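Please open the model in a viewer and keep the selection panel at hand.

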Amino acid sequence: MFAAENGLKGDPRLQAISRAIRVVPDFPKPGIMFQDITTLLLDHKAFKDTVDIFVDRYRDMDISVVAGVEARGFMFGPAIALAIGAKFVPLRKPRKLPGEVISESYVLEYGTDCLEMHVGAVEPGERVIVIDDLVATGGTLSAAIKLLERVGAEVVECACVIGLPEVKDCCRIKGRPLYILVEPRLSDECC
Amino acid sequence: MSADKDEDPRMNGIKSKIRVVPDFPKPGIEARGFIFGPPIALAIGAKFVPLRKPGKLPGEIISEDYVLEYGKDCLQMHIGAVQPEERALVVDDLIATGGTLCAAMNLLERVGAEVVECACVIELPDLKGRERLKGKPLYVLVESH
């Protein structure tokens, strides 16, 4: 669900967050309007508001784990975890985590990729939110949910700053709710 | 300087939570610096600027090559992210040889920023990375030998 339709309608913070995100055409390949959150990180107020909106939502939901998807999920996840008193667990590309891991493969447009998590980082029964900067097809978030459910955790919700239109009508990933702050802008010239 | 380990009771808690995994390679500032940097930036009212491996940043970038034990690597920063004379702190989880931090400092100084200090959770002092920081101070929480 989009934040604006779920209690934050007209919240001026959402507009400022949306405007702080830069659109870079044709990256990483022609035809893609890349939603660049690095400009959001340069705007202290908008960045803080982004984190605060997630913190306000999750602080009373008894969440003990924030799982962040490499690498842009790392830019938001730890701050949320710290504020709500939860652990931060990085979900990483292969061979980055040094200890014993479990792996989950997932399908890309061309080929496959893989997400890993340390064994023992998350205990059975823990309530988890998964955070990433953007959700498009939901493939990465699906892999993240599978990793967490394989160790017996409960994925309460997936949270992303940006949600592509594909997910607007289908606001669940593998049956788990999805919470999104803003839609992508088409270019830097509008609004 | 190191944080005063004998007096700050938080140090033992931090040190006891760091696991040592033998014989595992360590990538650079990306991405573990992203875990500590943003909360610090948010708390002190600063911008957060990710320094990334090639091909990750979508806009116009500057690059700094640096030497590894075998071969080279490269760190990149968005042009315009940092303005001349801004005071910058470089954060990473760990300093070993100092090569990555040195590349990070070079990137920042090339755009006219002032690197005030480098800050890492962990230092491997036997690798003498502290000496590669061009005289800039290094603040670490724990040492690992």
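In what order do the elements of chain B run from the N terminus on? The model is a predicted one. Select chain B and follow it from the N terminus: the order is α-α-β-β-β-α-β-β, which comes to three helices and five strands. Of the 145 residues of this chain, 46% count as buried. Among the contacts in chain B with a separation of 6 or more, 59% involve residues 24 or more positions apart.

**The sheet of chain A**

Next, select the six strands of chain A that form an open sheet, in the order β4-β3-β7-β8-β10-β9, with mixed pairing. Strands β4 (87-91) and β9 (172-173) of chain A stand at the edges; each has a single partner strand, so one side of each lacks a neighbour in the sheet. Display A:Ala67 here, and A:Val89 of β4(A) will be found opposite.

Helix α3 (residues 44-58) of chain A lies across β7 (127-135), β8 and β10 of chain A, and runs at about 155° to β8(A).

**A covered helix and a hairpin**

Move to helix α4 (residues 77-84) of chain A, where six of the eight residues are buried: A:Gly77, A:Pro78, A:Ala79, A:Ile80, A:Ala81 and A:Ile84. A:Gly85 follows α4(A) and has a positive phi, near 75°.

Strand β5 (residues 101-107) of chain A shows two faces. In a regular strand the side chains alternate between the two faces of the sheet. The covered face of β5(A) carries A:Ile102, A:Glu104 and A:Tyr106, and the uncovered one A:Val101, A:Ser103, A:Ser105 and A:Val107. Strand β6 (residues 112-118) of chain A runs antiparallel to β5(A), joined by seven bridges; the bridge partner of A:Val107 is A:Thr112. Four residues lie between the strands of this hairpin, in which A:Gly111 takes a positive phi near 95°.

**The cavity**

Which residues line the largest cavity? Select A:Phe34, A:Gln35, A:Asp36, A:Ile37, A:Thr38, A:Arg72, B:Arg52, B:Lys56, B:Leu57 and B:Pro58. The lining divides into four nonpolar, two polar and four charged residues, and its largest share, three residues, comes from strand β2 (residues 33-36) of chain A. The volume is about 40 Å³, and a search of the whole structure finds one cavity of 30 Å³ or more.

**Backbone exceptions**

Most residues other than glycine have a negative phi, and most peptide bonds are trans. A cis peptide bond joins A:Phe27 and A:Pro28, with omega about -5°; A:Pro28 lies in the loop between β1 (22-25) and β2 of chain A. A second stop is the cis bond between A:Glu70 and A:Ala71, with omega about -15°, where A:Ala71 belongs to the loop between β3 and α4 of chain A.

Finally, select A:Arg95 in the loop between β4 and β5 of chain A. Its phi is positive, near 70°, and the residue is exposed, with a relative accessible area of 69%. In chain B, B:Lys128 has a positive phi near 55°. B:Lys128 is found in the loop between β4 (114-123) and β5 (138-143) of chain B and is partly exposed, with a relative accessible area of 48%.

Note on methods: Residues are numbered from 1 along each chain as its sequence is written. Chains are lettered from A and ligands numbered from 1 in the order in which they are written. This is a predicted model: local features need pLDDT of at least 70, side-chain atom pairs count only at pLDDT 80 or more; totals for chains, interfaces and linings use all residues. Side-chain values use heavy atoms; hydrogens and water are left out. Two strands pair if DSSP finds at least two bridges between them. Contact means heavy atoms within 4.5 Å. Axes are lines fitted to C-alpha atoms, for helices over the stretch in contact, and angles run from 0 to 180 degrees between N-to-C directions. On a 1 Å grid over the protein atoms alone, a cavity is a set of points where a 1.4 Å probe fits but cannot get out, and a pocket is an open set with protein on both sides within 12 Å along at least five of seven lines; lining residues have an atom within 4 Å of a point. Grid points are joined across faces, edges and corners, and a volume is the space filled by probe spheres set on the points. Ala, Val, Leu, Ile, Met, Phe, Trp, Tyr, Cys and Pro count as nonpolar, Asp, Glu, Lys and Arg as charged, and the others, Gly among them, as polar. Buried means under 20% relative accessible area, exposed over 50%, partly exposed in between (1.4 Å probe, protein chains only).
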